[in-house]
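I opened this entry to record what I looked up in the model. I start with the surface, then go helix by helix.

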Amino acid sequence: MKLLLPVLVIFALASTSTAFLLPSCPIPSTFSWSSSSSNTRLGASIYDDINAAMKQAMKDKAKEKLSALRNIKSAFGTALKEEGAAESLPDEKAIAILTKLRKQRLESIEMFQKGNRDDMVQAEQAELAILEAYLPQLADEATTREWVAAAIVESGAKAKSDMGKVMGVMMKKHKGKTDNKLVSKLVGEMLG
């Protein structure tokens, strides 16, 4: 403890903006000035990518893109408030939010198509394209079919009433990698 106090004083004085002249004092060899590498990130997070894309859309005066990015940022902001004092969202939560927004866009497109509102369909499709740029690619139908077949075997499902078991296995192993509507359709076909 006696040795730690001088080191802390030196560290505190060295980190202030005012320069102090201190007599030379040996620093213990166990003390390390290097910062932890756990705080460094190799690539930008989805949250940071959205912020950067918003700034670029403002500079480019791309109104539609900026509107879509603001909607995403708003959903992220809501999630941050729920989290507490977090400054950024982890990618897993950002992907969950983007997936939810994608589902909303798809439902809106379907409703606008039924209502013959082609202008709104185009606007929703444009926003959907921006959302999907930040989401991982979903598995194609052939891959999803293989995963569903494996989930049926693993869960021991025999009838449509066992659909929940299969969906549970799929969510556990392939969450965010498949289109849930497609999975439900395939499970229904295979157990039908």
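Predicted model: local features only at pLDDT ≥ 70, side-chain atom pairs only at ≥ 80, totals over all residues.

**Overall make-up.** I counted secondary structure next. The chain has eight helices and zero strands. From the N terminus on, the order reads α-α-α-α-α-α-α-α. I then checked burial: 29% of the 192 residues count as buried. For contacts between residues at least 6 apart in sequence, I find that 54% join residues at least 24 apart.

**α2 against α3.** How do the axes of these two helices cross? I took helix α2 as residues 46-60 and helix α3 as residues 63-83. Their axes come within 9 Å and cross at roughly 145 degrees. The crossing is left-handed. I listed the residues that meet. From α2 they are I46, Y47, I50, N51, A53, M54, A57 and M58. From α3 they are K65, L66, L69, R70, I72, K73, F76 and L80. I sorted this contact by residue type: 12 nonpolar, one polar and three charged.

**α4.** I then looked for its buried residues. They are A94, I97, L98, L101, R102, R105, S108 and I109. I recalled that an α-helix has 3.6 residues a turn, so residues three or four places apart point the same way. What covers the buried residues of α4? The cover includes α2, α3 and α5. I also checked the backbone past the helix end. Just after α4, N116 takes a positive phi of about 55 degrees.

**E124 in α5.** I stopped at one glutamate. E124 lies in helix α5, residues 118-133. Is E124 buried or exposed? Its relative accessibility is 11%, and buried means under 20%, so E124 counts as buried. I looked up its partners, leaving aside neighbours within four places in sequence. E124 is in contact with R105, S108, I109 and F112. Of these, R105, S108 and I109 are also on my list of buried residues in α4.

Notes. Residues numbered from 1 in each chain as written. Heavy atoms only, no water. Axes fitted to C-alpha atoms, helices over the stretch in contact; angles between N-to-C directions. Helix = DSSP H or I, 4+ residues; strand = E, 2+ residues; numbered from the N terminus. Left-handed = near helix turned anticlockwise from the far one by under 90°. Contact = heavy atoms within 4.5 Å. Nonpolar A, V, L, I, M, F, W, Y, C, P; charged D, E, K, R; others polar. Buried < 20%, exposed > 50% of the residue type's maximum accessible area, 1.4 Å probe, protein only.
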